[in-house]
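The sequence and structure come before the details.

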Amino acid sequence: MTGPTILDRPERRLDGDEKTTGAAKYTADLEVPGALQAAFVRSPYPHARIVSVDTARARSLAGVRAVLTGADVRGQRLGRRLQDWPVLCWDRVLFVGDRVAAVAADTREIADDAVRLISVEYEELSPLLDMDEALRPDAPVLHPDGASYRFLEGRGERPAVPHPNHQGHVLETHGDVDAAFARAARTFEHEFATPRIHQAALEPRAAVVWVEGDRVRVVSTNKAPFNLRDQMAATLGLSKDRIVVDNGTIGGDFGGKGLSTDEFVLYHLAKATGRPVRVVTRYADELTTTNPRHASRIRLRTGVDADGRIVAHESHALFDGGAYAAGKPTARLLVEGGVETLEGYRVPAARHEAATVYTNQVPGGHMRAPGQPQNVFASESHLDLIARELGITPLELRRRNVARPGDPTTTGEPWHGPDLAALLDRAALDIDADRPRPGGRGIGFALGVRHVGRGSTTISLRLGRDGTIEARTGVGDQGGGQHTLIQRIVAATLGVDPVTVRVRRLSTEGPQDPGIGGSRVTPVHGGAALAAAQALKEKLGGRSVAEAAKALGTGEEIVVSAKFDATASDHGACAHAIEVAVDVDTGAVRVLAAVVAVDVGQVINPVGLRGQLEGGFVYGLGMALFEDLALEDGRVRAANLGDYKLPTIADVPPLRIVHLSDGHGVGPYGARSAGELVNPGVPAAVANAVQDACGSRVHTLPITAERVWNALPAPTRRPSGPVRS
Amino acid sequence: MTQHRIRFTLNGAAVDLTVPAERLLVDLLRDDLGKTGTKDGCSVGVCGLCTVQVDGAPMSACLLLATQIDGAAIRTVEGLASPLQEAFISEGGFQCGICTSGQLMAADALLRVKPKATDAEIRDWQMGNLCRCTGYYGIERAIFKARDER
């Protein structure tokens with residue numbers, strides 16, 4: 001068996017048996033003898049001063065083992081980069097759901113009862129619920145002590161921001177933008193908005209923390225255990241080597257589980273009681289108090305020459321960061337995928353201004369391709385509007401403007417990645433774009449481009465006497481098939497049957513690992529798996545794995561370890577073509593068919609890849625049509641999965657995925673990342689198809705029947721209400 | 001709170017115990033009986049993670065009181081032995097796996113009473129089981145495959 005042969009065969013996932021028999025142990029499934037249950041008192045106000053907290057009645061309830069308030073943890077703040085989120089609030093609460101007190105009790109029921117017995121007196125303050133309000137020169141400053149907050153990872157200071165209610169702000173320019181606009185034959189400007197939406201991993205967060213000697217043990221649903229360890233060490237003032245973070249099986253992440261907020265106070269409760277303390281977040285709390293995708297407002301201006309070629313572009317993007325920036329791990333405290341609009345196109349001069357803003361709303365965080373779905377909805381809708389104004393087809397406008405190798409992109413960097421024109425053409429071909437369609441039907445296109453992640457990790461291999469190989473890694477598998485990817489790269493490289501390679505995840509007691517995220521695992525962990533397998537091959541010196549294993553004595557192993565640093569720049573890309581039918585009497589949109597043409601390089605896990613692409617498509621479809629974590633007076637209205645509408649099996653259209661590849665991805669065997677590639681382009685493709693179908697242009701997500709109907713051109717729109725004959 | 005004696009079978013084995021009146025079936029299964037293959041997701045009967053079979057019918061264990069299953073035959077994923085399981089693996093019917101027990105128990109309940117269920121009937125039936133990973137395509141393929149290979 002040679003490498004490619006193994007990779008061509010569909011994989012049998014390593015976690016297949018345990019996940020189809022109920023044997024897989026997620027964090028909430030772990031038996032922890034003697035564990036207490038935690039519950040929290042949360043603010044009912046978006047902005048208030050805490051006048052007093054009375055815990056006496058809760059403390060006297062039988063079965064209550066500890067009650068903590070903000071006074072007990074004063075000054076401690078948590079966060080992935082900027083630590084601005086209080087472990088428990090001690091002076092002010094900044095969003096509905098902010099925590100004021102915590103209880104540990106013998107059972108969840110007692111903990112809940114105790115929470116109800118804690119009375120908090122608040123003095124309501126006027127909330128900042130709107131980004132423009134928050135950025136007024138005289139707006140109240142939500143974090144007056146912001147300059148003193150800890151900024152993790154020691155690589156420089158927190159970047160300066162123009163307004164104290166900015167979390168992050170950036171202005172990037174390449175080329176002489178003003179001169180380029182002056183030369184433009186025509187200039188177009190449009191504005192778009194997207195709501196908060198939730199990752200909605202169906203497994204709610206869970207954690208258990210206990211103190212064992214001088215060690216703090218943590219089992220968490222966090223998808224980057226080393227990062228959580230470092231955050232806890234900083235917040236709690238403990239040395240990193242005292243904290244050990246481990247995972248159970250992770251039930252979906254989609255970016256959200258990079259932020260943990262419970263483990264910090266669980267530590268205090270565990271210390272106070274001398275017992276393990278656990279919490280399983282209720283889904284209502286998931287939806288209302290954890291870090292959703294940022295709501296955005298994006299204004300785009302683009303100048304084109306007489307042939308419709310882009311000559312200048314600028315964007316102004318505002319992202320509602322909510323009460324805390326803690327959910328963002330990035331150095332600029334932005335959702336980075338939202339900064340550089342018109343990705344994938346030739347843009348000779350561009351200016352991008354982007355900011356995240358403090359408001360008294362639920363804090364925003366990272367979600368599958370952070371910032372990018374907002375950006376791509378705006379950019380790809382904008383392009384369609386420009387094409388219509390110019391009287392050329394949206395497809396033709398894209399063909400004229402997609403970046404070819406070496407072209408300046410919107411970042412100013414030359415394009416390096418797949419053949420974007422070929423992807424568009426293939427999507428158009430497969431949706432049968434030239435076929436005449438009846439009234440009320442239309443097709444829409446969008447391009448999606450996503451960087452291939454970078455970073456470094458270490459993977460070790462141990463070959464035993466039985467001829468099996470154990471790969472050890474610090475990365476978990478939140479569902480993406482990471483462990484099977486490592487298994488198959490090792491097997492392909494060594495020419496062994498994949499079933500002889502198993503993968504073991506180590507806690508933070510093992511070698512440093514960056515965790516899941518940022519389209520990282522295929523290039524970084526896949527690269528490390530390849531390097532480790534090559535190191536083992538070298539060590540075997542021409543012997544086969546079986547021969548080398550036979551020569552081993554009892555208990556002997558051959559061990560190799562490889563650290564790999566993925567640094568190369570690359571992109572995955574896809575083109576969407578979506579066909580919709582719009583009922584012009586109601587505005588209702590039905591997606592009839594979809595094509596996604598993708599270039600993700602060499603395929604490592606065929607079954608898993610298909611799942612990532614199909615799942616990514618429906619993830620984007622939810623954002624396009626349904627999802628809206630709407631707030632009213634700072635309170636999330638959709639507090640359960642009945643109100644927060646996710647796509648069901650009945651909502652998904654026939655989907656065709658076509659692979660085109662130049663085979664030159666920078667990952668192992670020429671692979672590229674796939675997990676965050678497909679979802680960003682779907683909302684724009686649907687919006688573009690809707691306009692093609694009925695002339696209705698929706699500038700705000702989700703694309704509801706009401707919005708479509710309201711935007712119908714006057715001659716099309718019929719009066720609503722009872723029809724009289 | 002009042003205590004109630006309940007007797008039922010769990011995956012074929014007799015169970016006889018006393019539960020508080022407000023004990024939910026999902027908590028009874030997971031916390032008292034250690035059957036953690038049944039998951040608790042939304043807790044309001046929408047997501048389908050906690051789907052178990054009660055006398056063959058798929059039910060949300062988060063909406064049932066333990067007292068309501070007195071006399072019933074309960075089946076959880078731990079008691080499942082179906083071609084659906086292998087089909088979910090080969091067709092990409094799961095990724096994170098948190099919804100898988102519920103998907104399997106729902107699909108199995110359908111195929112037991114309707115082995116030749118149509119594609120449309122299968123889609124209709126599985127509507128109460130959310131999945132955030134797969135986009136449902138792999139789940140459909142898996143259930144179709146298990147049906148077709150019967």
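A residue counts as buried when its relative accessible area is under 20%, and as exposed when that area is over 50%. The model described here is predicted. The points below take up Lys257(A) and then a sheet of four strands in chain A.

**Lys257(A)**

- Lys257(A) sits in a loop of chain A, between strand E15 (243–247) and helix H8 (263–273).
- Its relative accessible area is 3%, so Lys257(A) is buried, because the limit for that class is under 20%.
- Neighbours within four places in sequence left aside, the contacts of Lys257(A) include Ala201(A), Glu203(A), Pro204(A) and Arg205(A).
- Thr221(A), Asn222(A) and Lys223(A) are also among the residues in contact with Lys257(A), as are Ile250(A), Gly251(A) and Gly252(A).

**The four-stranded sheet**

- The sheet is open and mixed in pairing, with the strand order E23-E22-E21-E24 in chain A.
- Strand E23 (501–505) and strand E24 (557–566) of chain A form the edges, each pairing on one side only.
- On average, neighbouring strands of this sheet are turned by 20° against each other, direction ignored.
- Strands E21 (residues 455–464) and E22 (residues 469–473) of chain A run antiparallel and are joined by four bridges.
- Within this pair, Arg472(A) of E22(A) is the residue opposite Ser460(A).

**Helices on the sheet**

- Helix H13 (residues 482–494) of chain A lies across E21, E22 and E23 of chain A, at about 140° to E23(A).
- Helix H14 (residues 521–540) of chain A also packs on the sheet, where it touches E21, E22 and E24 of chain A.
- The direction of H14 makes about 140° with that of E24(A).

How values were computed:
Residues numbered from 1 in each chain as written. Chains lettered and ligands numbered in written order. Predicted model: local features only at pLDDT ≥ 70, side-chain atom pairs only at ≥ 80, totals over all residues. Heavy atoms only, no water. Helix = DSSP H or I, 4+ residues; strand = E, 2+ residues; numbered from the N terminus. Buried < 20%, exposed > 50% of the residue type's maximum accessible area, 1.4 Å probe, protein only. Contact = heavy atoms within 4.5 Å. Pairing = 2+ DSSP bridges. Axes fitted to C-alpha atoms, helices over the stretch in contact; angles between N-to-C directions.
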